[in-house]
Amino acid sequence: MGSKYIFSNRDHKFIIKEWLDGRKILSLKRFQDYLSVEDVDGILDQSLKVCRDVVAPTNDDGDTIGAIFKDGKVTVPPSFHKAFKFIQENGWGASNSDVDGEGALPEILNQAVREFIIGANPSLSPYVGLCGGIASVIKAFGSPEQIALFTPKMFEGVWEGTMCLTEPGGGSDVGDMTTKAYATDNPLIYKLKGTKCFITGGDHDLTDNIIHLVLARVAGAAPGTKGLSLFIVPKIWVNEDGSLGESNDVATVGIEHKMGLKGSSTAVLSFGDEGQCRGILLGSAPDEKGFGQGMGQMFMMINGSRLDTGHSALAVATVAYNNAVHYARERIQGRPIHNPKGDRVPIIQHEDIRRMLLTQKATLEAMRAMIFKGYYYQDLIVFGDDPADVNKAKRSIEVITPLVKAYCSDQGWLMITEAIQVFGGYGFTEEYPVARQARDVKIYSIWEGTNFIQSMDLVGRKWNLDKGNIFKEWLMEIATFVQANQNHDTFAREFKVLGKALLAYQELLGTVLGYFKENIRLVPLYSTRILRITAELYGGYLLIQQAIVALEKLKQGDDDKDFYNGKIQTAKFYLLNIVPDVMATVKVIKEGDTSAIDIPEGAF
């Protein structure tokens, strides 16, 4: 069977048109002249058709042919070229990252399209996304000359881009990197020397040139992350007139042999083996303290990429879920437990299968809700007209970014394991698609800062931003909603559970504050679990919001009864089966068990 692309855009239409105030985004000055809420269905339908017809057929090639490294060069499957070109030329790709681009989609729409692309071929999607992301960084921090020289062809998808952080001796600890930049007679041009690894899209043959953004330390700059600067390093040097010159001494040492995403080349790059690698400084040189601007510039893309990484996990897991539902409807096996002498039935009628499917559906919809809340905030931050809206969006997105990245990438993996279980033995074979999706999805918990890093960002940084006021506001938003709906006619039981989870979480804050003071090792010991229950609390809050909208639609007599009833039952399941994990985990954390710290290393 190989890959089987089964995807729906119904939830995206609901999110944009019925739950989030998509009309508000589309009415912003940036979009009001060429987009309206009436355009949403057409855009989502057309882009999903493109993904079914053009992108999905390339997915098998990504896994069976993959990216190939030979004679110092990387090639990708021939089918990738046609799909990549079609996406870019038809406005579904990098052009949407240009904040000034003509006809660009807002994030709430652009990212729905991106989800369809990722689900159709997760190996192709990084190439599609990198062009615009890297060009956006150059556009934000580059000189007019740099912007004019590099970004037009990147937004068009004619040139590719990469982000080069990781080194063989310095992974998550970026401050330890050793790549050096040496001044030349031209104050903007430096000679680079160093090696970068795990570079997504580091080399390939999809485009004529690849523009690397490389973090490096100018000779004599401060140690640690403060001394890093960011450099534009073209694979092929770009002349002042925009034409391509000679090779820029960027060598591909090899590509990784990965368990998944085999069509996406993950390269080891060596800069300056012959002493001729030129990098163009982005922004200013290190100041009198030796502090560079590189990390601040890089984080413009990293924060957005963390939302995108969680979103990627959702896309891949959604395809697995949809395949599991399709299989469960067709697979005839067993008889009903309440009618053991009856006919054999599709396995979707068995109680445990329904539990597994609804666990996936509820978790994936909670993920999508928090993800698109993030993209909604991004649209307000970049294009918002009301300063109060912009400020609220900036403060809220600080909290939810680590949740989206870590919770969604962790749960994406776990939900695919549920999909495999629905298939039974067939799920463990490569003839059915869910095995591949398991292999593809696992990287997202590692990309863009491992999920432990996200959890420490939440507990160690986000809890304390603006003297703790940002996180207090975020919790107050949930508390106010619970208070206003605690006696809801239909969802009183669910609101009671959400209220208990909120109280337990508030107790947790005091417990962890004590750990910071008394035994700080307990903080990293429990931080990943703290992040998980933070996301579960938020997911319950968002899904019950959606259920209230769905209930109102049913009262109005909307014809799409299965969808809206599904929204209601999904929210109930998440609130009554998943959110109670908040209370249970808080109890565990308050116990303060230190056995994982106390056990001798030799006992492992």
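Helices of at least four residues and strands of at least two are DSSP runs, numbered from the N terminus. I worked throughout with a predicted model.

**Entry 1. Two loop residues.** I looked up Leu261 and placed it in the loop between β10 (250-255) and β11 (266-271). Its phi is positive, about 45 degrees, although Leu261 is not a glycine. I noted Leu261 as buried, because its relative accessible area is 2% and the cut-off for burial is under 20%. I then turned to Asp71, which sits in the loop between β1 (68-70) and β2 (73-75). Asp71 also is not a glycine and has a positive phi, of about 55 degrees. With a relative accessible area of 71%, Asp71 is exposed.

**Entry 2. Strand β7.** I asked how many residues of β7 (residues 228-234) are buried. The count is 7 of 7. In a regular strand the side chains alternate between the two faces of the sheet. In β7, I found Leu228, Leu230, Ile232 and Pro234 pointing one way, with Ser229, Phe231 and Val233 pointing the other way. Next I traced the partners of the strand. Strand β6 (residues 209-218) pairs with β7 in the antiparallel sense over 7 bridges, and His212 stands opposite Val233. Strand β12 (residues 278-281) also pairs with β7 in the antiparallel sense, over 2 bridges. There, Ile280 is the bridge partner of Ile232.

**Entry 3. Two buried helix residues.** I located Ala317 in helix α9 (residues 294-330). Ala317 counts as buried, at 1% relative accessibility. Leaving aside neighbours within four places in sequence, I recorded contacts of Ala317 with Leu364, Gly412 and Ile416. I also checked Gly119, which is 198 residues from Ala317 along the chain; their C-alpha atoms are separated by 8.2 Å.

I found Thr570 in helix α17 (residues 561-578). Thr570 is buried, with a relative accessible area of 1%. Its side chain reaches the backbone oxygen of Gly566 at 2.6 Å. Not counting residues up to four places away in sequence, Thr570 touches Leu358, Lys361, Ala362, Glu365 and Leu543.

**Entry 4. Helix α16.** I followed α16 (residues 522-555) through its 34 residues and noted a reach of 49 Å from first C-alpha to last, close to the 50 Å expected. I marked a bend of about 40 degrees at Thr528. Gly557, with a positive phi near 85 degrees, follows the helix.

**Entry 5. Salt bridges.** My search of the whole structure gave 34 salt bridges. Which residues form salt bridges with Arg355? One is Asp352, whose side chain meets that of Arg355 at 2.7 Å, N to O. Because Arg355 and Asp352 are 3 residues apart in helix α10 (residues 351-383), about one helical turn separates them. Both are partly exposed, Arg355 at 36% relative accessibility and Asp352 at 44%.

Another is Glu418, where the closest N and O atoms are 3.9 Å apart. This pair links distant parts of the chain, with Glu418 in helix α11 (residues 387-423) and Arg355 in helix α10, 63 residues apart. Glu418 is buried, at 17% relative accessible area.

I then examined Lys590 and Glu507, whose side chains meet in a salt bridge at 3.0 Å, N to O. Lys590 belongs to helix α18 (residues 580-591) and Glu507 to helix α15 (residues 492-518), 83 residues apart. Lys590 is partly exposed at 41%, as is Glu507 at 44%. Finally, I recorded that salt bridges with shared partners join Asp11, Glu115, Lys361, Glu365, Arg368 and Lys567 into one network.

Definitions and conventions. Residues are numbered from 1 along each chain as its sequence is written. This is a predicted model: local features need pLDDT of at least 70, side-chain atom pairs count only at pLDDT 80 or more; totals for chains, interfaces and linings use all residues. Side-chain values use heavy atoms; hydrogens and water are left out. Buried means under 20% relative accessible area, exposed over 50%, partly exposed in between (1.4 Å probe, protein chains only). A polar contact is a pair of N or O atoms within 3.5 Å; within protein, one must be able to donate a hydrogen and the other to accept it, and residues adjacent in sequence count only if both atoms are side-chain atoms. Contact means heavy atoms within 4.5 Å. Two strands pair if DSSP finds at least two bridges between them. The expected span of a helix is 1.5 Å times one less than its number of residues. The bend at a residue is the angle between axes fitted to the seven residues ending there and the seven starting there. A salt bridge is a side-chain nitrogen of Lys or Arg within 4 Å of a carboxyl oxygen of Asp or Glu.
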